[in-house]
Amino acid sequence: MQDMDSKQFCPGEFWPDDQGIHINAHGGGVLHHQGRYYWYGEHKIEGEAGNQAQVGVHVYSSSDLYQWKDEGIALKVDDDPQSEIVRGCILERPKVIYNRTTGKFVMWFHLELNGIGYSSARSGIAVADRPTGPFQYVKSIRPNAGAWPMNVPDELKKPLDAAELAQMKGLEFPGNWVPHYPPHQIFRRDFDAGQMARDMNLFVDEDETAYHIYSSEENGVLHISQLSEDYLQSSGRYVRIFPGKFHEAPALMKHRGKYFMISSGCTGWHPNAARLSVADSIWGPWQELENPCIGTEEEKSTTFNSQSTFILPVAGKEDAYIFMADRWRPENAIDGRYTWLPIQFKNELPVLEWKDRWDLNFFAAPAR
Ligand code: DGJ
């Protein structure tokens, strides 16, 4: 267990906030704003009911990344049964970014409408004037309706015809690979209604352009999609990457001009091996690399028993990034743990290695 006044990270352990309560911000992301960090995540309750949104998005703040002050619920679920974010919906992986032009804090999250499992595959959007909220729910969308991906050949830029639709009828797509998965059809099926968007992240580039990265096309393909200038909608500019490879939990970073992504495979709440990929442009081409985890077979095949959620650049330190991951406990969701590990570089590639305890001085160490 991590102490309340600890100045260390203790991956996988109980992590108390300023009230001594285990931090409740699962599937989270961190915003650095005016010298303070804000950690947003799914507030979970006890038991399996905690796998649905019963409360909302919790926010904590910190000046040092070790000690976190409870700032309350940034976005509350609604009691109105007509609301898209009614209590009991699925609201996952919230991320917040700050728009310098509008001065607004913009939250995106994966939204599944109440009572229909994971079939909606939508993105929810909420806005606030302050980092701690309250966030006002704006709407949900299926991104990029009516827009073709930028990296598909012209012959694929047409909606499915009647025969293709008939062929697809009755096929089930459970969210992981199945032999009948068609790697280049589902974005065409969804052209009018918008693209499916489940596990997601946001990434703001040095030029303040923001991107939404999401598992699309029944989880079989990742999309990287530019947001509008106000960050409130998708722009219609997007690419498909790794068709048919089934990635979840994408997290992006930019290091010395290269974009790196750490993601996972699709095995529900069970951990699997992390995947690393790299590109010189955010639009690709993206190249898959080796598993970034080093250690025992067990550690490598389960990403230290956890799943990626965010990559946090440490403010004011060069080449310092924290890999944030979740160790899910679906049977008692509130007890999920956080695996924060330093990203190391070997041959200029990100590497993850288990640490029982570590602190930010790790990054100050001489040439690694
Ligand atoms: C894996 C995803 O990464 C999580 O966010 C969550 O959606 C679970 N699947 C649900 O099984």
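Predicted model: local features only at pLDDT ≥ 70, side-chain atom pairs only at ≥ 80, totals over all residues.
**Entry 1: conventions**

I take helices (H or I, at least four residues) and strands (E, at least two) as DSSP runs, numbered from the N terminus. Residues are numbered from 1 along each chain as its sequence is written, and side-chain values use heavy atoms, with hydrogens and water left out.

**Entry 2: loops with backbone points to note**

I looked up proline 134 and found it in the loop between β7 (122-128) and β8 (136-141). The peptide bond that joins glycine 133 to proline 134 is cis, with omega about 5°.

I then went to proline 285, in the loop between β15 (275-279) and β16 (287-289). Its bond from glycine 284 is also cis, with omega near 5°.

Phenylalanine 246 is in the loop between β12 (234-241) and β13 (248-255). I noted its positive phi of about 55°, although the residue is not a glycine.

I count two strands as paired if DSSP finds at least two bridges between them. The sheet I looked up is open, has mixed pairing and runs in the order β17-β22-β21. Its edge strands, β17 (293-294) and β21 (344-346), each pair on one side only.

Which sense does the pairing of β17 and β22 take? β17 pairs with β22 (residues 349-353) in the parallel sense, over two bridges. Cysteine 293 stands opposite leucine 352 of β22, and isoleucine 294 stands opposite glutamate 353 of β22.

β21 and β22 pair in the antiparallel sense, over three bridges. Glutamine 344 has valine 351 in β22 as its bridge partner. The hairpin of β21 and β22 has two residues between the strands, and asparagine 347 takes a positive phi near 50° there. As background, strands of a sheet pair through backbone hydrogen bonds, either parallel or antiparallel.

**Entry 3: the ligand site**

Which residues surround the ligand? They are Glu92, Arg93, Tyr118, Asp199, Glu248, Gly268, Trp269 and Gln307. By class, this shell has two nonpolar, two polar and four charged residues. In that scheme Ala, Val, Leu, Ile, Met, Phe, Trp, Tyr, Cys and Pro count as nonpolar, Asp, Glu, Lys and Arg as charged, and the others, Gly among them, as polar.

I checked for polar contacts, meaning here pairs of N or O atoms within 3.5 Å. A polar side-chain atom of aspartate 199 is 2.4 Å from a ligand oxygen atom. For glutamate 92, a side-chain N or O atom is 2.6 Å from an oxygen atom of the ligand. For glutamine 307, the distance from a polar side-chain atom to a ligand oxygen is 3.0 Å. Taken alone the ligand exposes 290 Å², and the protein buries 90% of that (Shrake-Rupley method, 1.4 Å probe).

Key:
Near = heavy atom within 4 Å. Polar contact = N/O pair within 3.5 Å; in protein donor to acceptor, adjacent residues only side chain to side chain.
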